[in-house]
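Look over the structure below before reading on.

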Amino acid sequence: MNKKSILIVVVLSVIVIGVGLFFWNSQRQEIYAQTREKVEPIYEYSGKLTSEELKSYSEFAKSMAQVDPKEAKKFALPKRESLKLEAHSMSLYHQNPELFLIQQDSFPTDTDIKPLQRNCGIRALIAKTKLADFPESTRSKLFQYLEELNKRLVTNSVESATVKVKENQDGNSSKFPNFVFGVESHQVNGESQPIFQENGSVKMPEEHKRGVLNITDVYGNEYTVDLDSNEDVTMTEDTNELYTEIDQLFDNLSDAEFQRLSELSKTDLDSEIDKLISSE
């Protein structure tokens, strides 16, 4: 093949690739447009919602939840738009925990929604931090704090649920809730089981054992609690104080505050972030 032929092949290849990219980009833009149309109604809801808005948003969320997960993957958004959507939706659930109760079909009736609410606040702040025009070092510092805050929330959620089970002395005392925020898996080992007699009657062992509760959280931490011991389950930190810290951080880091912080010099920004974190 001579130089002229090689040049023609190269030019044609570039044209083919260019045309392919054009159609791929056009198709992607069309998908983006479809996705924007589907999710745009969520931005009509913000702040503390009225009872009518709560009902309306719940119906919108249920309609979105009916989309097949396999189909949902096709409806992507550019990264920044996706983060904006996450920040907005998580903020709604933090500010309106009633949405968890309205959408109770998604959670068992015994679910404690308070840690879920705070997790949404943390997730909203993580998304906003990714969107903020901060230096990478400042961003990493805030990420680290938010992640540590979420780890504390998980530990507190697991411990709180364990305390309730330990203190419950009725017939279902060894039953752990079906869903607890932060729990990856749980099981009770060594619990006394009913003895079925030949005559069909049921007999419980003379010394009933509640067993040992083993829990693994989403970070891989393991918890072991002997439900028959007299030893109390100790809390690492006060639940109300932790919730207050998360709520205050969420309120302090409003959209307007993120904008104000992004306009500061790096030195002033780092000082503000350090002050914010240390005050929580």
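At what angle do the axes of helix α6 and helix α8 cross? They cross at roughly 35° and come within 10 Å. Helix α6 covers residues 114-131, and helix α8 covers residues 239-252. Axes here are lines fitted to C-alpha atoms, for helices over the stretch in contact, with angles running from 0 to 180 degrees between N-to-C directions. The crossing of α6 and α8 is left-handed. That word applies if the near helix is turned anticlockwise from the far one by less than a right angle.

Which residues make the contact (heavy atoms within 4.5 Å)? From α6 come K114, P115, R118, G121, I122, A124 and L125. From α8 come Y243, I246, D247, L249 and F250. By type, the contact has 8 nonpolar, 1 polar and 3 charged residues. Ala, Val, Leu, Ile, Met, Phe, Trp, Tyr, Cys and Pro count as nonpolar; Asp, Glu, Lys and Arg count as charged; the others, Gly among them, count as polar.

## The model and the chain

This is a predicted model: local features need pLDDT of at least 70, side-chain atom pairs count only at pLDDT 80 or more, and totals for chains, interfaces and linings use all residues. Residues are numbered from 1 along each chain as its sequence is written, and side-chain values use heavy atoms, with hydrogens and water left out.

The chain holds 10 helices and 5 strands. Both are DSSP runs numbered from the N terminus: helices are H or I with at least four residues, strands are E with at least two. Of the 280 residues, 36% are buried. Buried means under 20% relative accessible area, exposed means over 50%, and partly exposed lies in between (1.4 Å probe, protein chains only). Among contacts with a separation of 6 or more, 68% join residues 24 or more positions apart.

## The nonpolar core

The largest nonpolar core has 53 residues. Y57, F176 and L249 touch the most other members. Helix α7, residues 136-167, gives the most to this core, with 9 residues. Such a core is a set of buried Ala, Val, Leu, Ile, Met, Phe, Trp, Tyr and Cys residues joined through side-chain atoms within 4.5 Å.

Beyond its neighbours within four places in sequence, F176 contacts A161, T162, V165, V183, H186, L213 and I215.

L153 is in helix α7. It counts as buried because its relative accessibility is 0%. Leaving out neighbours within four places, its contacts include P115, R118 and I122, and also Y243 and I246. L153 and I122 are 31 residues apart in sequence, yet 9.9 Å apart from C-alpha to C-alpha.

L142 is also placed in helix α7. Is L142 buried or exposed? L142 is buried, with a relative accessible area of 0%. Outside four places in sequence, L142 touches T129, F134, F258, I273 and I277.

## A loop and a strand

A132 lies in the loop between α6 and α7. At 10% relative accessibility, A132 counts as buried. A132 touches R139 and F258, not counting residues up to four places away.

H186 sits in strand β1, residues 183-189. H186 counts as partly exposed because its relative accessibility is 34%. Apart from neighbours within four places, H186 contacts F176, P177, N214 and I215. Its C-alpha atom is 8.7 Å from that of D217, 31 residues away along the chain.

How values were computed: Contact = heavy atoms within 4.5 Å.
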